[in-house]
Amino acid sequence: MRLDATHLRMLEALREDGRISIAALAEKLNISRSNAYTRYESLQEAGVLRGVHAAVDPAAVGLGVAALVFVTLHQTEWADFRARLPQLDELEYLAVTTGEHDAMLLVRAQDVSAVHTLVVTRLAQWPSIKATETVFLMDEEHFPVSLQMRGADSEPEPDGTTGERYGMTRFVRTSDDRSLQVAPRRQPRP
């Protein structure tokens, strides 16, 4: 589905208030109700709009501790790992990652002891898991990603670019002396 500016404004409005009526949405977007309804339905059918959910404060319901559990797997055991995930009531989010670890689990629990029990007693028993590393979250703040960003396959920006970005995925500052050093060139063989 190709999203236009009105679709994006609709999605932003729905993120602000998922319970907004179609009539109020149409008025906010300055489009007809039938246009708003058609657009809303097409967003659902295309899977762009996956649902409307209540935002619950985990601490208010007794889940005051959050941790990221980085998991390193035995590479032949992905199916076992995935099959066991529904057993984790504490699991809020899973990401398959690159780099040192294979996956990251965001878990929430009542206290540090509950996270410890989860990792050391339960996850350690899974044959698919080779190692874990747990990082406790000290504070959290959520920011909705801007829907106005342009992807690589988008239309050109007014300045003629497509928004494509190439380059570093990690930045490491070096000393001024090191950044000035140039490796000697290889001499060609005779």
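Buried means under 20% relative accessible area and exposed over 50%, with partly exposed in between, using a 1.4 Å probe and protein chains only. This is a predicted model, in which local features need pLDDT of at least 70 and side-chain atom pairs count only at pLDDT 80 or more, while totals for chains, interfaces and linings use all residues. Residues are numbered from 1 along each chain as its sequence is written, and side-chain values use heavy atoms, with hydrogens and water left out.

**Threonine 72**
- Threonine 72 lies in strand S1, residues 65-73 (strands, E, of at least two residues and helices, H or I, of at least four are DSSP runs, numbered from the N terminus).
- With a relative accessible area of 17%, threonine 72 is buried.
- Beyond its neighbours within four places in sequence, threonine 72 is in contact with Glu100, His101, Asp102, Ser128, Ile129, Lys130 and Ala131, where contact means heavy atoms within 4.5 Å.

**Asparagine 30**
- The loop between helix H2 (22-29) and helix H3 (33-45) holds asparagine 30, which is exposed at a relative accessible area of 71%.
- Although asparagine 30 is not a glycine, its phi is positive, at about 60°.
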